[in-house]
Amino acid sequence: MITSTLIMLTASPAVNALIKDVELKNIIIPLVVEIAGFTIFFLFNIINFITALKLAIYRAEKNGKTKYFDNNRLWDTFWKMLGVLLLTILITVLIMFSEVTKTTVAYTFLLWCLVFVWTLSSLFEFHSIGDNIEQRVGNKPEIFVFMDKILLILQKRIIKKIDVNTDDFEVRDEDRDIK
C-alpha cells in the first residue's frame with residue numbers, strides 16, 4: 001500500500017503535465033469505442049460459444065458418443081477473447097499517446113483502426129453463429145444469409161481492387177531467372 005501511494009504521488013504531477021492540454025472528449029471517445037466494442041464482441045462470443053456447444057451436443061448424440069466436446073473449445077474461446085482485447089487495448093493506448101502528442105492524423109487513423117478491429121471481430125463471431133445454426137438445423141436464418149451476401153460482395157470488391165493495383169507489378173519472364 002505504501003508503494004502504491006508513493007507511485008501515485010510521484011506519477012500524478014507527471015500525468016497532469018502530460019494531459020493538461022488534452023481535450024476530455026478525445027480521451028472519452030476511444031474509451032467508449034473500446035467498451036462498446038468489447039460488449040458487443042463479448043455478447044457475440046458468448047452466443048457463438050453456446051451455439052457451438054449445442055452443435056457439439058447434437059453431433060455427439062447423433063453419433064451415439066458420450067463426449068460432447070474437447071477441452072480446448074473453452075480455452076480457444078478464452079484466448080480468442082484475450083487476443084482481441086489485448087490488440088484493442090494496445091490500439092487504445094496508442095490513441096491516447098497520439099492525443100497527448102497532438103498528432104491528429106494518427107489519432108483519427110488509430111480510432112478508425114479500433115472501430116475496424118471491433119467490427120471485424122464481432123462480424124466474425126456473428127458469421128460463426130450462423131454457421132453453427134446452419135450445421136445444426138440445416139439452414140441459416142435470413143439475417144445470416146444477408147450478412148454472408150454483404151461480406152461476399154465486400155470480399156469480391158477488395159480482391160478486384162487488389163488485382164487492379166497489382167497489375168503494375170507484373171514480373172517479366174527475364175526478371176524471374178535468378179543468376
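**Exercise 1.** Leaving aside its neighbours within four places in sequence, which residues is T88 in contact with?

*Solution.* In this predicted model, begin by placing T88, which lies in helix α3. Next, setting aside the neighbours within four places in sequence, one finds T88 in contact with E34, L114, V117 and W118. Finally, consider the accessibility: T88 has a relative accessibility of 0%, and because buried means under 20%, T88 counts as buried.

**Exercise 2.** Describe the backbone and the setting of K102.

*Solution.* First locate K102, which is found in the loop between α3 (72-100) and α4 (104-137). Then look at its phi, which is near 60°, a positive value in a residue other than glycine. Lastly, its relative accessibility is 45%, and so K102 counts as partly exposed.

**Exercise 3.** Identify the nonpolar surface patch to which I162 belongs, and say how exposed I162 is.

*Solution.* The patch is formed by I143, F146, I150, L151, L154, I158 and I162, which together have about 620 Å² of accessible area. I162 itself is placed in helix α5 (residues 142-166). With a relative accessibility of 47%, I162 counts as partly exposed, because that class lies between the 20% and 50% cut-offs.

Technical notes. Residues are numbered from 1 along each chain as its sequence is written. This is a predicted model: local features need pLDDT of at least 70, side-chain atom pairs count only at pLDDT 80 or more; totals for chains, interfaces and linings use all residues. Side-chain values use heavy atoms; hydrogens and water are left out. Patches are made of residues with over 30% relative accessible area and no salt bridge: like charges are joined within 9 Å, nonpolar side chains (Val, Leu, Ile, Met, Phe, Trp, Tyr) within 5 Å. Accessible areas come from the Shrake-Rupley method with a 1.4 Å probe; for residues, only the protein chains shown count as cover. A salt bridge is a side-chain nitrogen of Lys or Arg within 4 Å of a carboxyl oxygen of Asp or Glu. Helices (H or I, at least four residues) and strands (E, at least two) are DSSP runs, numbered from the N terminus. Buried means under 20% relative accessible area, exposed over 50%, partly exposed in between (1.4 Å probe, protein chains only). Contact means heavy atoms within 4.5 Å.
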